[in-house]
Structures are given as structure tokens and as C-alpha cells.
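Dear colleague,

I am handing over the structure below, and after it I set out what was found. Please read the notes alongside the model.

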Amino acid sequence: MKVLLAVTGGIACYKSPEIVRRLVDNGVEVRVIMTHSACEFIKPLVFQAVSGFPVHTELLDEQAEAGMGHIELARWADVLLIAPATANTLAKMVAGTADDLLSTVCLATTATQIVAPAMNSMMWYHAATQANIETLQSRNVTVLGPGEGSQACGETGVGRMLEPADIVRALVDLKDQSGVDKTLAGKQVLITAGPTREDVDPVRFISNHSSGKMGFALARAASIAGARVTLVAGPVSLDTPAGVSRVDVTSAESMHKAVMQVVSEADVFIAVAAVADYRVAEQSESKIKKTSADMVLRLERNPDILADVSALPNRPVCIGFAAETDNLEGYARDKLTRKNLDMIIANRVGVAGNGFNSDKNAVEVFWPDGHQSFTARSKQSLALELIGLISTRCLSK
Ligand code: C5P
């Protein structure tokens, strides 16, 4: 994806270099244009340094036109992202003015246009700005934000530019959506993710290192593939992917209950959660005091959510995860048979940069009569590929 980032003259432009950096980190090609008033706030050199390319500021500049002129820039971009977009820029877009580089590119491009408005809240709520936003939306311009909070002018209200991370997430979603077939359209997918937490007493618990990233990435990928997705999440600090309905739980028993309540509607169940195998048999209602030199906690088995779902009479397609340190295929295939699964996704834990808490993962996938390896890649792109594999292997029979 090629993104032309246009920076206009609002104080929020101090955050725009961060947008460039995050886009580049996500493998997006970025070029930057700035309006003259943006250059009053921040030097083009900053954007040149983070994007690695010269910044365009002039409509009629012999040198620039000899390189990538305004029409070439307009043709080059898949996405024109204006962040921040001032009230003035929005008005110029509506009027179709073409008196500087940005406004001319806006008219000349067929790229997807996205604006992230940033202005004082009175300016945002002014009838003229609201009418301009409506007009732009009717012309298929995507409007991201603005957010609410304290503003540079000292007021509090709606008008803040969305945070760079939120803007970049929206763009990366757009990129992934364009490359994915709607293989799960009309399907209901239920996913468990994250660790569970088993209370010892009111202040202590037993848990594990699962971050929930793989399960959340799969929920996002399934949603992008057109499914209605319910995500039953243990305690994690992750944002809910767009379009996904989320149920937060804590213990294995509460996760089991939440899954059983909705599983009858599911076509596919993907158990990604690292569910604690045991819980504390006698939870103390008050804080346990350190009165003796040692202490013994008796643990009892938790229900196996995945095995219980796969034993249901009208069960959904069941996909499990396995985390193993050795004999990956042997243990994974054993789990596939023992839990009566359609597919198992196994990752080798204990390898640096893989699995738990990492942003990357390498997995081996097994199904009764087949196998596929996925070398290390981001959990987000791995999730899109796994959803593709699940659709072809398990749903198109
Ligand atoms: O038996 P093991 O814990 O290795 O199996 C892992 C798979 O089973 C994972 O898909 C995990 O989400 C699921 N599981 C479960 N409930 C449990 C234990 C594991 O759903 N109590």
C-alpha cells in the first residue's frame, strides 16, 4: 500500500511524524506533502528523516516537478491521508479549490481519501464544518475522529486528532481488508483468548504468560473475512478489534460458562486461550497470612473447554492450539485425536521471539490428513493466513 500523507497547519501536526514511523513499520510506503502553514509548525526535514524521501511543499517548483510532480504524486498514491486535517483544508476540499499542492492533489487523485480532523471544538461543531464533513462523507471520504479531550487551546471537548496508533490501525485494517476474500461471510466464529486467572485469595492469583495477541489477531482476521465474531477474553490489555463482540472473563470456569452460553450459534470454535489446567481447591475469602515457613495449596482440575465443545452433539468446527517444547508433531497429533478436533495449530514455545507475548509466531498446523508449516511472521498476518486455511480445509467440504 502506498500512502501519501498530507500534513496541514494544526498544532496536532507535531504527532504526524509518529504516523509516518508506524506506517513504515507496518511495511507501508509513505511520501509526505505539507501545506505552507504546516511548515510554520514543523520543518519538512523531520518528515524527510522519518519517511526517507524528500517532502513536497510546492505546487509550482521546477525541481519538485522534475522529480515527482503533483500529478505523479496523485497517481502514485493508493491512499491520501490528511492528518491533521484543519477546518480550512476540509472547506477547500468541499469547494474544490486548487490553489496549492495539497488541494490540487485532492482533485487530481483517484486514491482512497481519509481525513483525520483536528481543530478547536467550537470550530468542529460550527455548522459550516459539520456540513463540510457530511459533504465529504457523501463523496466517500473516510473521516477518522476527531477524538475528545484536552485541546492545545486550553479547552476540553471534541476536536483532537486521533492518536497516531489509532489512525495507523485503521489504515492497516483497510490494507488487509482489500487483500482478503470474504470466505467467512455469514459464519459465526467463537474464539477464546488470553490467560485465565485462578484466585488464591482476594489479593493473589495463579496465571500464565499468555498475552492474548494471537487470539485477538484471529478475531480480527475472522471479522475481516466476513464472520460475526464473539471473543471470550481472559484478563489482557488489548483493544477489541473492530466489529468483534467481546466478553471479558477471569477464571477458567467463567470462560467455560461464557463459551457454553453462546456456542450453539457458532459454526467455528477456535480455542486459543491458555486456560489454567488447575484452580485452587479452597479459595480463601480473606488474605492468607504468612504464619508458617511453607504452605501447601491443593489444586483441582478445571474443565477442558475445547474438549467439552467438541463433545457436543451439534458441535461447530473445532480448532485447538498446542504449545510444546519438544516432539511437536507427536503431541499435537495426539491432541487432535484425543480432543476430536478438525485442526490443531502448534507452536514451539521456549524459542526466542516465538509464541507467548511475542508479536511474531511460527506454527505447524495439522489436520487429520494434512499438514502445513508457517515460518515466523507477524501474528496479524499469520492470523489472516490461518483463517484462509481454516476456511478451505474445514468449511468448504
Ligand atoms: O490440553 P492442552 O491444554 O494442551 O490443550 C490446548 C488446547 O485446548 C488449546 O486450544 C486450549 O485453548 C484448549 N483448552 C481449553 N480448556 C482447557 C485447557 C485447554 O479449551 N481447560
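This is a predicted model: local features need pLDDT of at least 70, side-chain atom pairs count only at pLDDT 80 or more; totals for chains, interfaces and linings use all residues.

Residues are numbered from 1 along each chain as its sequence is written, and side-chain values use heavy atoms, with hydrogens and water left out.

Around the ligand there are 13 residues, of which Ala-271, Ala-273, Pro-303, Phe-321 and Lys-335 come nearest (a residue is near if one of its heavy atoms lies within 4 Å). This shell divides into 8 nonpolar, 1 polar and 4 charged residues, where Ala, Val, Leu, Ile, Met, Phe, Trp, Tyr, Cys and Pro count as nonpolar, Asp, Glu, Lys and Arg as charged, and the others, Gly among them, as polar.

A polar side-chain atom of Lys-335 lies 2.5 Å from an oxygen atom of the ligand, and a polar backbone atom of Ala-271 is 2.6 Å from a ligand oxygen atom. The protein buries 84% of the 440 Å² that the ligand exposes when taken alone (areas by the Shrake-Rupley method with a 1.4 Å probe).

Elsewhere, 5 strands form an open sheet with parallel pairing in the order β2-β1-β3-β4-β5; strands are DSSP runs (E, at least two residues) numbered from the N terminus, and two of them pair if DSSP finds at least two bridges between them. β2 (29-34) and β5 (142-143) stand at the edges with a single partner strand each, so one side of each is left without a neighbour in the sheet.

Best regards

Key
A polar contact is a pair of N or O atoms within 3.5 Å; within protein, one must be able to donate a hydrogen and the other to accept it, and residues adjacent in sequence count only if both atoms are side-chain atoms. Helices (H or I, at least four residues) and strands (E, at least two) are DSSP runs, numbered from the N terminus.
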